Amino acid sequence: MRKGTIVAALVLASVSLTACHDSEQNAKAPPTPKPTAPPTTLSVTPAANETVPISTEIGTSVTNGKITTVALTDGAGQPIPGAPRADGSSWIPAAALKYDTAYTAKVTALGTDNKAVTRETTFRTVAKSPGGTISSDLLLQNGGTYGVGMPIVVEFGSDVPEASRAAVEHRLFVTSDPPQPGAWHWFGGRQVMYRPENYWQPGTKITARKALNGVAIGNGHADDDFAASITIGRKLTIDIDNGTKTMQVYQNDAVIRSMPVSLGKASTPTSSGTTVIMSREPSAVFRTPEYTTTVQYAMRLTWGGQYIHAAPWSVGDQGRRNVSHGCTNVSTDNARWLYESVLVGDPVVTRGTGVALDPGDGWTAWDLPWSEYTKTS
């Protein structure tokens, strides 16, 4: 009897311990619920019923989400092509909108909760203003091939006031493949140029667009929306040294030709600095108060009229003394070879003449150090 009593007591103790263990398990806190995703907010501009310039963009701002689609249609329901800015701040129509026309923008964002949020706005563009129009030109030939120093140049028919330059620059676009970040710089009120920190990489594909139609400039507005795609060719650079009266031509940083030169005489000196070939002309007529003459194989360096060109009359002076009116004189054979070798946009560095190149006298984007060049961007 005592043995059985002991066994029963052990069994009861075991049951009691098991019951206590189960009770502790059942008393544990329930699992923590998953956090709720924050709400997605999406705002779109222009505001409903707003009247806007034809250069307007569809502004997008989203928190806790990502823009997935932007659809812009005109009053007839026709879609308007476009693309977002790189920073995602807005969506840019591929061409200027039409005057006095209604448009509807529908923007969708996907929230972090995987739910879509959509906003829609209908606005109207302004009627065409009788105010003055400022002409502008993008100095690129679509499909062209240019040298490694080719800046993206936009010129205006009249001065752009300083107060309007940021708005103008905001509507100038450059993309490159491979990517090479760059900056714009204003040379006075009529010329703005874009360049990377260093020369373009050979083979780079560049697309530039001046989306300026309708952009307010002073009391008027800009006139045009134009884009061009170009290719950067091989690397060719030219170095002209007044000390030795010699030009050296480099391809891929190796000298491929050296030739004697005669530069500007003391009364009409050649400018020292970095220019680029601006044009290639089989012949050009030079007119000065002293003479009118036609030259062959002319390659423009400045707006002021400094060229590299054939000068058979100064062959005896080339490599010895300066006798020109500011141009770089070379022999006819050397001029022909150079004319056939260069591209518009090939860099030309001239040294030692004692006279500095005037900023903006030609495509002088490379004549400024990068730290100074970026100050006005």
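Visitor: What makes two aromatic rings a pair here?

Guide: Rings of Phe, Tyr and Trp, the last by its six-membered ring, pair if their centres lie within 6.5 Å. Planes under 30 degrees apart count as stacked, over 60 as edge-to-face, and the rest as tilted. The model is predicted.

Visitor: How many aromatic pairs does that rule give?

Guide: The count is eight aromatic pairs.

Visitor: Take Y103 and F123. Why is that pair stacked?

Guide: The ring centres of Y103 and F123 are 6.1 Å apart and the planes meet at 25 degrees, so the pair counts as stacked. The angle is what decides it, because planes under 30 degrees apart are classed that way.

Visitor: Where do Y103 and F123 sit in the chain?

Guide: Y103 belongs to strand β8, residues 102-111, and F123 to strand β9, residues 116-125. The two are 20 residues apart, and their pairing links distant parts of the chain.

Visitor: Are they buried or exposed?

Guide: Y103 and F123 are both buried.

Visitor: What about Y194 and W200, how are those rings arranged?

Guide: Their centres are 6.5 Å apart with the planes at 25 degrees, so Y194 and W200 are stacked too.

Visitor: And which cluster do they belong to?

Guide: Y194 and W200 form one aromatic cluster together with W184.

Visitor: Buried or exposed, for Y194 and W200?

Guide: Y194 has 9% relative accessibility and therefore counts as buried. W200 is at 2%, so W200 is counted as buried as well. The cut-off for buried is under 20%.

Visitor: Switching to charges. Which ring face does R195 lie over?

Guide: R195 lies over the face of Y373, 4.9 Å from the ring centre.

Visitor: And R280?

Guide: R280 lies over the face of Y339, at 4.2 Å from the ring centre.

Visitor: Now the whole chain. How many helices and strands does the protein have?

Guide: The protein has four helices and 29 strands.

Visitor: What is the radius of gyration, against a compact globule?

Guide: The protein has 34 Å, whereas a compact globule of 377 residues would have a radius of gyration near 21 Å. The C-alpha trace spans about 140 × 65 × 30 Å along its principal axes.

Visitor: How much of the protein counts as buried?

Guide: Of its 377 residues, 43% count as buried. The accessible surface is about 19400 Å², with 53% of that belonging to carbon and sulfur atoms.

Visitor: What share of the contacts comes from residues 24 or more positions apart?

Guide: Such residues account for 65% of the contacts with a separation of 6 or more.

Notes: Residues numbered from 1 in each chain as written. Predicted model: local features only at pLDDT ≥ 70, side-chain atom pairs only at ≥ 80, totals over all residues. Heavy atoms only, no water. Buried < 20%, exposed > 50% of the residue type's maximum accessible area, 1.4 Å probe, protein only. Lys NZ or Arg CZ within 6 Å of the ring centre and 35° of its normal. Rg over C-alpha atoms; globule rule 2.2 N^0.38 Å. Contact = heavy atoms within 4.5 Å. Areas by Shrake-Rupley, 256 points an atom, 1.4 Å probe, with all protein chains shown as cover.
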